[in-house]
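This briefing is for a reader meeting the structure for the first time.

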Amino acid sequence: MKTTLLNLFIFLLFSSSAIAQTTFAPLEEIDPNTGNEPFEIESGDLDGDGNIDLVMATFDFGGSIDYIKWYKNDGSGNFTIQPTISSSVTYIDGLDVADIDGQFGDDIIISSQNQNKVVCFLSDGAGGFGPEISIDNMLFAPGQVKSGDINLDGNMDVIVASFSEFKTVWYEGDGTGSFASEQVIQIDGGGIDTSYYVDVADYDGDTDLDVLVGIYKFPAPQRLEIYYNQYIESGSTAVSWIKDTQTVDNTLSRINDIGFADVNNDGQLDVISVDLSSGDVTWYNKIKNGTSTPTVISDASIISTPAVARVMDIDGDALNDVIVTDFGIADDAIIWFKGNSNASPDATPTTIVDNSKQMHDITFGDFDTDTDTDIAFVSNNTDTVDWLENNLITLGVENFTVEGLKIYPNPAENILNIKTDRNEILNLTILDVVGKEVIQTSLESTTRIDVSKLEAGIYLIKFDGFETTHKFIKN
């Protein structure tokens, strides 16, 4: 009897753990009315409860009120709109999430283009945020904002591009929510070339963070430059910057997004850009102080006005994929290109969602705690925040035969969630590897089962009235 059951468990483990095709559930609306022109969205654990929440900011060009709003996640992908963080910061052009003060949860960093300031809001430990704290209130027309530990002191710093001052700067954080005065990364002394987009990563692999800058020039072309942090090279506590001797790209028409990412999955970072005018989404195999080889991933024949491109593994094969969104309404709203090892992504994209929403910005996270990567986004023309649940089946997550049933996280350590869209109550039994009943309960909509006292191993879930059983792994 024991041998037969054990063989059944082994069969179930390997027959149901194969990676299936990545699909997404229908769009779920989080906020039906964000305020005019939602522009930025980021994700992070904003209240320190272990679940990934969302924060959104609007840029109502010509309006007088903008909003910074956040959405609390219960860990199952159920978001609730929280009290508005601010309606006094306007023309919000930059948004980032980071733990600035080392307590309570992730904090929020904002730049205001017309108020000429960079500010932060600290998570207050009570499920909300404190008042606006100034990082700089005299930086003219700040654009994109990023965070990272520039001087490797363990504290989070802030990096900002300034459109009207033709420079990119960083602010040293002290770990309590306060910041020192600006320090310049790059500046155009002629006042012609103006920075607007930035990204931060250790591009040259020396453990300190480098900066990618998207630089506007009027008239075009616009260009991408890399500035290398010399903190490690200096052998001291001083931060200085050296520009790569060769520009990444100086042929762009209208930069709308840039980033560091390992696009070709060779273990080294590359550069990616989105050109709103040409429609090209391009990645660059750039050698430090050497050649930059561009490869177009998506062109105007696929999405004529792309908004953003993000690089991450969404199909669970341990290879980065490329996700592209549409700024307009004519093309597929979100598509993805499957990543390959040591090569460019596939040439033919797969549609994630096709609708008339303008996906100006997106963010990613495991919002429903089922181990795969979901997508949340702001829809610029409908003034909404929405999310898409990734239905990927990965190792340890079964292909369930009960319609509308979801079991997560799998493996589980303390709490096992079971979610169904069926109306009736389902009675269930959890069996151990020798067929012994260890838990009996009933399921209504979403049920949380405490499995913390179970020994590590493989268990079966059996629903009354159904012959099929479903596996989960207890860590």
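In this predicted model, Ile 418 touches Leu 405, Lys 406, Ile 407, Leu 428, Leu 443, Ser 445, Thr 446, Thr 447, Ile 449, Ile 461 and Phe 463, leaving out residues up to four places away in sequence. Ile 418 also belongs to the largest nonpolar core, which has 17 residues.

**The largest nonpolar core**

- Ile 418 and Ile 461 are the residues with the most contacts inside this core of 17 residues.
- Five strands each supply at least two residues of the core: strand 30 (405–408), strand 31 (415–420), strand 32 (426–431), strand 33 (437–443) and strand 35 (457–463).
- In soluble globular proteins, nonpolar side chains tend to be buried together.

**Overall build**

- The protein has 36 strands and two helices.
- Its radius of gyration is 24 Å, close to the 23 Å that the globule rule gives for 475 residues, so the protein is as compact as a globular protein of that length.
- Taken along the principal axes, the C-alpha atoms fill a box of roughly 80 × 50 × 45 Å.
- Of the 475 residues, 55% are buried.
- Among contacts with a separation of 6 or more, 49% come from residues 24 or more positions apart.

**Aromatic rings**

- The structure holds 14 aromatic pairs.
- One of these pairs is formed by Phe 79 and Trp 387, with an edge-to-face arrangement, 6.0 Å centre to centre and 70° between the planes.
- Phe 79 lies in strand 5 (residues 79–81) and Trp 387 in strand 29 (residues 384–388), so their pairing ties together parts that are 308 residues apart in sequence.
- Phe 79 and Trp 387 are both buried.
- One aromatic cluster is formed by Phe 39, Phe 59, Phe 61 and Tyr 91.
- A charged residue also meets a ring: Lys 288 lies over the face of Tyr 228, at 4.6 Å from the ring centre.

**Val 385, in a strand**

- Val 385 is found in strand 29, the strand that also holds Trp 387.
- Val 385 counts as buried because its relative accessibility is 0%, below the 20% cut-off.
- Val 385 and Ile 41 are 344 residues apart in sequence, yet their C-alpha atoms are 8.7 Å apart in space.
- Beyond its neighbours within four places in sequence, Val 385 is in contact with Glu 29, Ile 30, Asp 31, Thr 34, Ile 41, Leu 54, Met 56, Tyr 71, Phe 377 and Val 378.

**Ser 43, a buried polar residue**

- Ser 43 lies in strand 2 (residues 38–44).
- With a relative accessibility of 18%, Ser 43 counts as buried.
- The side chains of Ser 43 and Thr 363 are joined by a polar contact of 2.8 Å.
- The side chain of Ser 43 also reaches the backbone oxygen of Phe 364, at 3.0 Å.
- Apart from residues up to four places away in sequence, Ser 43 touches Ile 52, Asp 53, Leu 54, Val 97, Thr 363, Phe 364 and Phe 367.

**Gly 189, in an exposed loop position**

- Gly 189 sits in the loop between strand 13 (183–187) and strand 14 (194–201).
- Gly 189 counts as exposed because its relative accessibility is 81%, over the 50% cut-off.
- Between Gly 189 and Leu 224 there are 17 Å in space, C-alpha to C-alpha, and the two are 35 residues apart in sequence.

**Backbone features in loops**

- The peptide bond from Tyr 408 to Pro 409 is cis, with omega near -15°.
- Tyr 91 is not a glycine, but its phi is positive, at about 50°.
- Tyr 91 is found in the loop between strand 5 and strand 6 (92–98), and at 13% relative accessibility this residue counts as buried.
- Phe 104, also a residue other than glycine, has a positive phi near 75°.
- Phe 104 lies in the loop between strand 6 and strand 7 (107–112), and its relative accessibility of 42% makes it partly exposed.

Terms used: Residues numbered from 1 in each chain as written. Heavy atoms only, no water. Core = buried A, V, L, I, M, F, W, Y, C linked by side-chain atoms within 4.5 Å. Buried < 20%, exposed > 50% of the residue type's maximum accessible area, 1.4 Å probe, protein only. Helix = DSSP H or I, 4+ residues; strand = E, 2+ residues; numbered from the N terminus. Contact = heavy atoms within 4.5 Å. Phe/Tyr/Trp six-rings, centres within 6.5 Å; stacked < 30°, edge-to-face > 60°. Lys NZ or Arg CZ within 6 Å of the ring centre and 35° of its normal. Polar contact = N/O pair within 3.5 Å; in protein donor to acceptor, adjacent residues only side chain to side chain. Rg over C-alpha atoms; globule rule 2.2 N^0.38 Å.
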